[in-house]
Every structure is written in C-alpha cells, then in structure tokens.
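I opened the notebook for a friendly walk through this model.

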Amino acid sequence: DDDDYNDDDDDDTGKFCFHTAKTSDVLPLPDIEMILSILTAHGAMKLNIAGGEPFLYPDMLGKIVTYAKTVAKFQSVSIISNGSKLKREWFEQYGEYVDMLGISCDSIQLDVDIAHGRVIRGTGAVVNRDAIVQHKKTQLDNVRLANQLCKDFGMISVSYTHLTLPT
C-alpha cells in the first residue's frame with residue numbers, strides 16, 4: 001500500500017541514495033492534479049516524473065500518469081526509475097499513459113552493484129555474493145526488464161548510465 005512506505009522497503013539505501021527522511025510526505029492527489037492542470041494551462045507539454053523512486057507509490061503513480069494524459073493533456077509523460085520496483089501488472093493497467101521509461105543504471109557489474117548498495121534491500125543484513133547471485137536482481141536485470149516492458153507496451157526505453165571511473 002502506498003500509504004505504508006517504510007525505509008526498509010526503499011530500494012536505494014546505498015551510498016548513491018539521496019533519500020534521507022525517515023518518513024515520506026506525499027501531496028494529496030487533488031493537489032497534484034491541480035498542479036498538473038496549472039502547468040499545462042501555462043504551456044507545459046511534457047511531464048517527467050522522477051524520484052526518489054516513483055514506483056514506491058505505484059497506485060499514486062498510476063493515478064498521476066492517467067490524469068496527466070487524459071485530463072491535463074500532457075503531450076508526453078515519462079518516468080525515471082531505478083527499475084527495481086517495475087511490475088508488469090502496473091504497465092498492463094497504466095502503460096498506455098506513459099510515453100517513455102528511463103532507467104538509471106549505475107553499473108552492469110554485480111560487484112559494483114553490491115558496493116553501491118543496489119542489490120540487497122530491506123533485510124538490514126549483509127549476505128554473501130553467492131546468495132545475491134541466486135536471489136537478487138542486478139541493475140542490468142532491471143534494465144532488461146524495463147526494455148522488455150517498453151517493447152511490450154509501446155513505450156520508448158532509455159537507460160541512463162552513470163559511469164564510475166577508477167581513482
């Protein structure tokens with residue numbers, strides 16, 4: 001449930017996460033809808049939803065993209081995600097209202113994902129690399145899933161890669 005956000009569920013608890021609040025305040029949907037309508041009334045044509053992680057609130061996100069396309073009449077709606085919370089069911093219900101899905105990918109290497117805190121989520125425990133390989137998705141898996149969902153639901157897929165160079 002979107003109202004039950006818990007930091008333990010946050011997929012970005014690694015050193016590259018800027019979410020530091022212990023609670024998250026979300027504007028009520030009517031306020032968000034009003035803001036979207038004001039934006040389009042003043043000439044905004046494209047809406048890009050980024051986070052935190054927008055898919056932490058899937059029901060709210062679905063209502064926002066639906067309103068943005070059908071009522072506020074944005075020409076384009078895009079979402080930037082880390083890809084960790086993508087669910088096919090969400091796209092079956094709301095995919096028609098999203099034009100582009102961007103995935104932020106820090107690395108395609110498992111060891112780098114582990115170092116960035118991008119693999120083990122919500123457990124509070126450190127587990128060994130073999131357990132990660134057997135049970136957890138990597139960022140590259142998230143990119144693959146996003147690309148498949150975009151293909152299946154007619155969206156543009158973009159992967160944003162942040163390169164970490166050796167020092």
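**Terms and ground rules.** I call a residue buried when its relative accessible area is under 20%, exposed when over 50%, and partly exposed in between (1.4 Å probe, protein chains only). Helices (H or I, at least four residues) and strands (E, at least two) are DSSP runs, numbered from the N terminus. This is a predicted model, in which local features need pLDDT of at least 70 and side-chain atom pairs count only at pLDDT 80 or more, while totals for chains, interfaces and linings use all residues. Residues are numbered from 1 along each chain as its sequence is written, and side-chain values use heavy atoms, with hydrogens and water left out.

**Entry 1: the whole protein.** I looked up the secondary structure and found 6 helices and 4 strands. Read from the N terminus on, the order is α-β-α-β-α-β-α-α-α-β. The protein has 167 residues, and 42% of them count as buried. I then checked the contacts (heavy atoms within 4.5 Å). Among contacts with a separation of 6 or more, 67% join residues 24 or more positions apart.

**Entry 2: helix α1.** This helix covers residues 29-41. Its 13 residues reach 18 Å from first C-alpha to last, close to the 18 Å expected at 1.5 Å a residue; the expected span is 1.5 Å times one less than the number of residues. Which residues of α1 are buried? I find L29, I32, L36 and T40. Seen down the axis of α1, these buried residues fall within an arc of 70°, so they line one face of the helix. The arc is that of the directions from the helix axis to the C-beta atoms. A reminder to myself: an α-helix has 3.6 residues a turn, so residues three or four places apart point the same way. P30 and A41 are exposed, on the face of α1 turned away from its buried side. The buried residues of α1 pack against β1 and α2. Just after α1 comes G43, with a positive phi of about 100°.

**Entry 3: helix α2 and its partner.** Next I turned to α2, residues 58-70. The 13 residues of α2 should span 18 Å at 1.5 Å a residue, and the end C-alpha atoms are 18 Å apart, which agrees. Its buried residues are M60, L61, G62, I64, V65, Y67, A68 and K69. They pack against α1, β1 (46-49), β2 (76-81) and α3 (88-94).

How do the axes of α1 and α2 cross, and at what angle? They come within 10 Å and cross at roughly 30°, which makes α1 roughly parallel to α2. For the record, axes are lines fitted to C-alpha atoms, for helices over the stretch in contact, and angles run from 0 to 180 degrees between N-to-C directions. Angles under 35 degrees count as roughly parallel, over 145 as roughly antiparallel, 65 to 115 as roughly perpendicular and the rest as oblique. On the α1 side, L29, I32, E33, L36 and S37 take part, and they meet M60, K63, I64, Y67 and A68 of α2.

**Entry 4: two loop residues.** I placed G51 in the loop between β1 and α2. G51 is exposed, with a relative accessible area of 57%. From G51 to I79 I count 28 residues in sequence, and their C-alpha atoms are 9.0 Å apart. K73 sits in the loop between α2 and β2, and at 56% relative accessibility K73 counts as exposed. The phi of K73 is near 65°, a positive value in a residue other than glycine.

**Entry 5: helix α6 and A146.** Last, I looked up α6, residues 139-153. It has 15 residues and reaches 21 Å from its first C-alpha to its last, close to the 21 Å expected. Buried in α6 are Q139, N142, V143, A146, L149 and C150. Down the axis of α6 these fall within an arc of 130°, so they line one face of the helix. Exposed R144 and K151 are carried on the face of α6 turned away from its buried side. G154 follows α6, with a positive phi near 70°.

Is A146 buried or exposed? At 0% relative accessibility, A146 counts as buried. Leaving aside neighbours within four places in sequence, A146 is in contact with L86, L101, I103 and S157. A146 and R88 are 58 residues apart in sequence, with 9.5 Å between their C-alpha atoms.
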